[in-house]
Amino acid sequence: MDKFNVFYNRLRNEIIAGTVDKLLIDILLSINRDINLFTTSSCSGRISFICTMEGKESKPGARLGSIHGLVNHDGLISKIAQSIRMCEDSLIIRLRGFVLDVFSKDLASIQRLHKIFAKLGFKGFQMKSFGKDGSVIEYASSLRLDIPVKVGNNLLLNINDKASVLSLCNFLLAYLYRNIIEVNIYRLGIWYSYTGNDDATLK
């Protein structure tokens, strides 16, 4: 079985199992219809709660949980308070936007994908690997931020200060809304491009 079939079957199984972000399913299926491209990993963006030690993640399991979709203020406050209680060291709230890794068998296919993303206003990408069989390109959103909440025993956010907590929650909700809007632009643009509804994107 060649690489294409391996990754396509893995994607199919992950979609069936519900482990793929629902917001990205049509992006992934659209790209994987191209015989020279297939996706290797993806994330629609998330807010993560990370327990760290001396500025580094203390262990592989240091992520205390993540939020991928929208959540209300009470849900955010509860998650922040729970993470503070669970983390004995330092705690950061990590914001990360859309990420997509794509394997390309040839240069022409990746150039076509670049054109689609560029037309949608996306600029950030990097080559993760390069070899005789092809290359892996990572498309990553510019939405990246770490917010310290606790440094050692020093709590930077008073969970009982409603104004401060509300301000942080509003900021995080604004991030989630912006990220979802951004991902929807990509998913609709890529879907239209690969289904032939926007021929200009593929030229």
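At 7% relative accessibility, C43 counts as buried, and C169, at 0%, is buried as well; here buried means under 20% relative accessible area, exposed over 50% and partly exposed in between, with a 1.4 Å probe and protein chains only. The model is a predicted one, in which local features need pLDDT of at least 70 and side-chain atom pairs count only at pLDDT 80 or more, while totals for chains, interfaces and linings use all residues. Residues are numbered from 1 along each chain as its sequence is written, and side-chain values use heavy atoms, with hydrogens and water left out.

Two further cysteines, C51 and C87, are joined by a disulfide with an S to S distance of 2.2 Å. A disulfide is taken as a pair of cysteine sulfur atoms within 2.5 Å, and by this rule the count is one. C51 lies in strand 2 (residues 46-53) and C87 in the loop between helix 3 (73-86) and strand 5 (90-96), so the bond ties together parts that are 36 residues apart in sequence. Helices (H or I, at least four residues) and strands (E, at least two) are DSSP runs, numbered from the N terminus. The link is right-handed, with 80 degrees about the S-S bond. C51 is buried at 9% relative accessible area, and C87 is buried at 1%.

In soluble globular proteins, nonpolar side chains tend to be buried together. A nonpolar core is a set of buried Ala, Val, Leu, Ile, Met, Phe, Trp, Tyr and Cys residues joined through side-chain atoms within 4.5 Å. The largest such core has 23 residues, of which I47, F49, I80, I93 and L172 touch the most other members. Strand 2, strand 4 (63-67), helix 3, strand 5, strand 9 (144-151) and helix 5 (162-194) each supply at least two residues, and helix 5 gives the most, with seven. Apart from this core lies another, of 21 residues, among them L28, L37, L113 and Y186.

An open sheet of four strands has the order 1-6-8-7, with antiparallel pairing; two strands pair if DSSP finds at least two bridges between them. Strand 1 (37-43) and strand 7 (125-131) are the edge strands, each pairing on one side only. Strand 6 (residues 99-104) and strand 8 (residues 134-140) pair in the antiparallel sense over six bridges, and S104 has S135 in strand 8 as its bridge partner.
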